[in-house]
Amino acid sequence: MSMSQMVTAPSSSDCPLLDQARVEFLLGPVSICLASRDAAGVPSLARAFGCRVTADRLEVAVLVPTRTAEALLRDVTAGAPIAVVFSRPKTHETLQLKAPAARLEPLGPTDRQRMRASGSAFAAELIALGYSAVFSHALVAPSNEDAVAVAFSPTLLFDQTPGPRAGRRLEPQS
């Protein structure tokens, strides 16, 4: 299903796409990449460094350094759809969330700490896999860099883990 064919966001009475295990995965040592597009269909990409999920699990916010995400932030502001991929290096387990739109919001009071913790966990996972500390830490955003939260309500969830089930749409878990 293309991003232009997405269903509407679940209402607060619907079962969220994210169960607690999926939320814990999103908050773990993962690489987070966002994609959107402009009005002409030209893609925009950015890396995020940490995320937060609302208590009702209906909204996700990924933390994005503004310096490296100008095109993506412009596209999101213009109302373009968004796709966000969370991938754990150790297992290659990967989830993709999609939403018809997102909004930008300032970082919350604990978001810089969340960015540091997420970056440290991600770098530690890479180092444990044999990557150099210099390389691993170079992928982590400095916590003092200008950043924003890109918040969205996922309407579609896919298992993108390499293998025979890659691309399979996941349904809400009750």
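Me: How many salt bridges does the structure hold?
Reply: Eight. Keep in mind that this is a predicted model.

Me: Which residue forms a salt bridge with Glu105?
Reply: That's Arg52, with the closest N and O atoms 3.1 Å apart. Glu105 sits in strand β7 and Arg52 in strand β3, so to speak distant parts of the chain, 53 residues apart. Both Glu105 and Arg52 are buried.

Me: And what about Arg88, where does its partner lie?
Reply: The partner, Glu125, lies in helix α3, while Arg88 is in the loop between β5 and β6. Their closest N and O atoms are 2.9 Å apart.

Me: Why does Glu125 count as buried, and why does Arg88 count as partly exposed?
Reply: The cut-off for buried is under 20% relative accessible area. Glu125 has 8%, so it counts as buried. Arg88 has 25%, so it counts as partly exposed.

Me: How far apart in helix α3 are Asp111 and Arg114?
Reply: Three residues, about one turn of the helix. Their side chains meet in a salt bridge at 3.4 Å, N to O. Shared partners also join Arg52, Glu59, Arg103, Glu105, Asp111 and Arg114 into one network of salt bridges.

Me: What describes a pair of aromatic rings?
Reply: You look at the distance of the centres and the angle of the planes. Here there's one aromatic pair. Tyr131 and Phe135 are stacked, 5.6 Å centre to centre with 25° between the planes.

Me: Which residues form the nonpolar patch on the surface with Tyr131?
Reply: Leu129 and Phe135; together the three have about 300 Å² of accessible area. Leu129 is in the loop between α3 and α4.

Terms used. Residues numbered from 1 in each chain as written. Predicted model: local features only at pLDDT ≥ 70, side-chain atom pairs only at ≥ 80, totals over all residues. Heavy atoms only, no water. Phe/Tyr/Trp six-rings, centres within 6.5 Å; stacked < 30°, edge-to-face > 60°. Patch = residues over 30% accessible without salt bridge, like charges linked within 9 Å, V, L, I, M, F, W, Y side chains within 5 Å. Areas by Shrake-Rupley, 256 points an atom, 1.4 Å probe, with all protein chains shown as cover. Salt bridge = Lys/Arg side-chain N within 4 Å of Asp/Glu carboxyl O. Helix = DSSP H or I, 4+ residues; strand = E, 2+ residues; numbered from the N terminus. Buried < 20%, exposed > 50% of the residue type's maximum accessible area, 1.4 Å probe, protein only.
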